[in-house]
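Here are my notes on the side-chain contacts, as numbered points. Please read them with the model open.

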Amino acid sequence: MLRAVAIAAGLAAGVFGFTATPAASGAFDAAFEALMPPRGPTNSAERLRALYDLSWRHRLFENPEMATAVGHPGLNHRWSDLSEEAFARRRREASRPLRILATVDPATLSPDEHLYRDLFERQVREQMEGDRFPEELLAINQMWGPQQEIAQIFSVMPLRTRRDADDYLARLHGIAPRLVATEALLRRGLERGITPPRITLRDVPQQVLNNVPEDPDRSPLLRPLLAGAGAIPGLEAESLLAAARSVFTNAVDPGFRALHRFLVEDYLPRARETTAATLLPDGVDWYGFRVRQYTTTRMTPAEIHELGVSEVRRIRAEMDRIIEQSGFRGSYAEFLEFLRTDPQFYFERGSELLAGYRDIAKRVDLALPGLFGRLPRLPYGVLPIPSHAEQSQTTAYYQPGAAGFGRPGVFYANTYALNMRPKWEMEALTIHEAVPGHHLQIALAQELEDVPEFQKHAGVTAFVEGWALYSERLGPALGMYTDPYSRFGQLTYEMWRAIRLVVDTGMHALGWTREEAIEFFRSHSGKTGHDIVVEVDRYLVWPGQALAYKIGELKIRELRDHAERALGDRFDVRAFHDALLGRGALPLEILEPRMRAWVADQMASEP
């Protein structure tokens with residue numbers, strides 16, 4: 001799972017508003033107006049590039065958390081404005097770029113310029129369509145919210161200069177107002193009946209308190225500063241740390257405790273008892289939009305559900321063959337129980353689990369040149385999921401790096417409850433989260449040349465997660481899955497994503513209960529009980545997102561099958577992968593014709 005810093009779910013849910021101070025907003029207004037002819041550049045391509053650059057800078061200015069995530073300097077002292085006025089203003093301004101796009105003559109554009117224009121327009125129109133739904137009122141759940149994201153932002157802020165230290169302190173000062181603004185969003189959600197399902201919120205109060213232990217030095221909000229302040233040249237570290245502790249004690253701690261009281265006394269008791277997203281106000285259309293947004297297709301929930309049932313059946317047949325080959329004597333259910341419970345499949349210490357992941361990653365790194373012509377320069381590491389968040393987090397996630405800050409990508413692995421972290425899933429998980437999955441794809445996109453910034457950081461879930469799931473099937477070519485248990489582990493992960501198609505649509509569109517979803521998951525997957533509950537609750541608070549993985553993977557596999565059939569002996573897997581990844585993450589509706597055109601060009605070229 002991709003977890004971009006503070007935007008993994010927050011941006012998808014519209015939690016961070018794209019707003020600014022009146023003076024800054026006026027400057028951006030004037031800059032956008034200047035791009036309208038005849039005052040702007042007369043060349044259409046130049047004007048488009050200016051529009052992309054301006055829109056990107058505006059987006060980062062009004063979303064400083066994202067600026068920190070992607071390594072854009074100068075905004076690390078601020079938080080986004082979460083006021084009601086901010087969200088209203090963002091919705092009013094969303095269509096502004098379309099006025100400029102309408103003045104561009106498509107006949108003057110090259111094929112790549114056409115592509116970026118289409119992608120940019122699609123992004124703007126999708127935002128406008130989504131503005132109909134008040135996602136910002138769902139500002140907190142077990143996966144995201146200030147109790148998770150504030151600490152995460154501090155963990156990736158640069159700490160090299162006095163300015164960096166001042167930025168850190170400024171953001172500490174801004175936490176209390178941010179928490180007040182979050183509570184205001186949640187109160188409006190209560191008034192309108194827009195909340196997450198109550199059952200999913202059970203761990204959130206403790207997550208909030210995890211930020212404010214009695215000893216400030218143990219808080220995840222201060223740890224990065226405590227670890228890095230002493231290495232900043234010319235800084236009086238003790239003075240800075242004293243100021244940070246004072247802000248924490250006098251403002252941050254009371255702010256989180258006030259939010260905790262509100263959650264326990266007011267929000268959780270009044271949160272909705274229903275689970276389906278379609279039971280929210282305007283919920284049927286809201287879920288339909290999410291399905292289209294995340295899959296980048298026009299498939300209906302019913303069609304996706306049937307596809308999931310078909311994939312579960314197909315993968316189950318492959319699993320049965322692996323069980324037979326393993327020599328196990330027993331039923332499918334007994335084999336799953338064996339995998340879940342036999343001590344040989346589990347580590348006793350978290351350090352051993354992390355060492356195992358690091359060993360797998362090193363072995364995969366060595367095999368990558370056989371499958372890719374281009375590899376990223378940005379390094380990555382393997383770290384444990386922070387203890388304050390591990391209990392409600394998934395098995396693992398990837399956090400993109402930022403070359404501008406000298407920050408590597410990170411594959412975060414969950415070391416909580418080691419009896420639920422089997423060895424047989426580790427190779428597939430490493431391939432998905434690190435290489436050649438998320439890290440390779442995302443780092444390559446960030447390093448593309450002559451590509452607009454908005455496209456380098458495009459979060460097209462069907463492509464990003466579809467690629468990572470497709471990558472899992474590259475395991476044999478990378479020297480992985482050499483024993484039946486790891487091969488079964490790969491199929492377990494593929495089954496997991498197929499089950500998502502059934503369960504997500506089942507709960508949100510077809511009337512399934514949470515308990516029915518958990519039972520379906522348990523009966524078809526080797527995942528442990530804790531993981532299954534965490535997963536199902538994830539689908540409840542993030543409707544539609546989990547559909548993107550399998551749908552994206554199936555499309556990429558379909559395109560590769562087409563290329564192999566058409567090109568025969570001339571098929572070059574390295575060239576195919578480079579072409580697929582060469583323009584960043586693309587919506588499937590755009591990716592397919594591009595890759596089919598690439599195959600046609602290869603066929604027409606001299607052998």
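1. Start with Arg-132 and Asp-285. Their side chains form a salt bridge, with N and O 2.5 Å apart. This is a predicted model, so read that distance as a property of the prediction.

2. Next, Lys-550 and Glu-494. They make a salt bridge whose closest N and O atoms are 3.2 Å apart. Lys-550 is in helix H23 (residues 548–567) and Glu-494 in helix H20 (residues 484–509). The two are 56 residues apart, and the pair links distant parts of the chain. Both residues are buried. For Glu-494 the relative accessibility is 1%, so the residue falls under the 20% limit.

3. Glu-494 has another partner to check. Arg-557 forms a salt bridge with Glu-494, and the closest N and O atoms are 3.4 Å apart. Arg-557 lies in helix H23 and Glu-494 in helix H20, so this pair ties together parts 63 residues apart in sequence.

4. Which network do these residues join? Glu-494, Lys-550 and Arg-557 are among the members of a network of salt bridges. Also linked there are Glu-311, Arg-314, Glu-318, Arg-473 and Glu-553. For scale, the structure holds 52 salt bridges.

5. Now the rings. The structure holds 25 aromatic pairs. One of them is Phe-120 with Phe-454: the centres are 5.4 Å apart. The planes stand at 65 degrees, over the 60 that edge-to-face requires, so the pair is edge-to-face. Phe-120 is in helix H6 and Phe-454 in helix H18 (residues 453–456). The partners are 334 residues apart, in distant parts of the chain.

6. How buried are these two rings' residues? Phe-120 is buried, with a relative accessible area of 3%. Phe-454 is buried too, with a relative accessible area of 3%.

7. Trp-512 and Phe-520 give another edge-to-face pair. Their centres are 5.5 Å apart, with 65 degrees between the planes. Phe-520 has a relative accessible area of 19%. That value is under the 20% cut-off, so Phe-520 counts as buried.

8. Which residues form one aromatic cluster? Phe-328, Phe-335, Phe-338, Phe-345, Tyr-485 and Phe-488 do.

9. Two arginines deserve a look for charge over a ring. The charged end of Arg-171 sits over the ring of Trp-79, 5.0 Å from its centre. Arg-500 lies over the face of Tyr-549, 4.2 Å from the ring centre.

10. Last, Glu-337. This residue is in helix H14 (residues 332–341). Glu-337 is partly exposed, at 42% relative accessibility. What separates the C-alpha atoms of Glu-337 and Gly-526? The distance is 7.7 Å, although the two residues are 189 residues apart along the chain.

Terms used:
Residues are numbered from 1 along each chain as its sequence is written. This is a predicted model: local features need pLDDT of at least 70, side-chain atom pairs count only at pLDDT 80 or more; totals for chains, interfaces and linings use all residues. Side-chain values use heavy atoms; hydrogens and water are left out. A salt bridge is a side-chain nitrogen of Lys or Arg within 4 Å of a carboxyl oxygen of Asp or Glu. Helices (H or I, at least four residues) and strands (E, at least two) are DSSP runs, numbered from the N terminus. Buried means under 20% relative accessible area, exposed over 50%, partly exposed in between (1.4 Å probe, protein chains only). Rings of Phe, Tyr and Trp (its six-membered ring) pair if their centres lie within 6.5 Å; planes under 30 degrees apart count as stacked, over 60 as edge-to-face and the rest as tilted. A charge sits over a ring if NZ of Lys or CZ of Arg is within 6 Å of the ring centre and within 35 degrees of the ring normal.
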